[in-house]
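Thanks for asking me to look at the aromatic residues in this one. My notes are set out as numbered points.

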Amino acid sequence: MNVLVIAAHPIDEVVGAGGTSLRLGRELVRECLPRLADGTAPRIPQDHSLATYWPRRGPADGLLNWKATARAVYDLVRASTRPYPGAFTYHEGRKVTVWSARMGGPVPPGSVAGEMVEITSAGVRVATGDGCVLLTSLESDVAGEERADELARRWGWRPGDRFCDGAPAGVSRT
């Protein structure tokens, strides 16, 4: 397989990356199409030792692992947000989709992975394997997207409550 052109760009939010990719793609097509048409486009052999492959993602790939690092949890939320199915977890057997989050600082002493350590108007701060993430926008299995603190209030969540680490027994991972 040959490569026509290689271009890189930083990735932040998945929605932003998609927009950046589309913009960059348009620029590359405008640049390369004339050279393809007149036969002057370079044909660079692909270095297969540098190529990467990854299987297609499925909905279960969005299941949060609270024992992972705070950065890994945060990155999964960012990578899974709209237009994708979203990162998700469970609380007392009910599915909760996490649409947005921020890094949330250090883990308070004595906290365990998946534990809600603080609930404020900023969101729900949850302990991970090495720090915290602040969940800011959530969606329940029975309601639409809302601010994390509002869902916490409606469902009666309190600091010390825990999200499941993985899917509860008998509950679908999708």
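Predicted model: local features only at pLDDT ≥ 70, side-chain atom pairs only at ≥ 80, totals over all residues.

1. Residues are numbered from 1 along each chain as its sequence is written, and side-chain values use heavy atoms, with hydrogens and water left out.

2. Rings of Phe, Tyr and Trp (its six-membered ring) pair if their centres lie within 6.5 Å; planes under 30 degrees apart are stacked, over 60 edge-to-face, and the rest tilted. By this rule there are four aromatic pairs. One of them is stacked, because the rings of Trp-66 and Phe-163 have centres 5.5 Å apart and planes at 15°. This pair joins distant parts of the chain, 97 residues apart: Trp-66 lies in the loop between β2 (44-45) and α2 (70-80), and Phe-163 in the segment after α3 (148-155). Helices (H or I, at least four residues) and strands (E, at least two) are DSSP runs, numbered from the N terminus.

3. Trp-66 and Phe-163 are both buried, meaning under 20% relative accessible area (1.4 Å probe, protein chains only). Trp-155 and Trp-157 make an edge-to-face pair, because their ring centres are 5.6 Å apart and their planes at 75°. Trp-155 is buried at 16% relative accessible area, and Trp-157 is buried at 3%.

4. Trp-66, Trp-155, Trp-157 and Phe-163 make up one aromatic cluster. The charged end of Arg-94 sits over the ring of Trp-155, 3.7 Å from its centre. For this, NZ of Lys or CZ of Arg must be within 6 Å of the ring centre and within 35 degrees of the ring normal. Likewise, the charged end of Arg-82 sits over the ring of Trp-99, 3.7 Å from its centre.

Definitions and conventions: Buried < 20%, exposed > 50% of the residue type's maximum accessible area, 1.4 Å probe, protein only.
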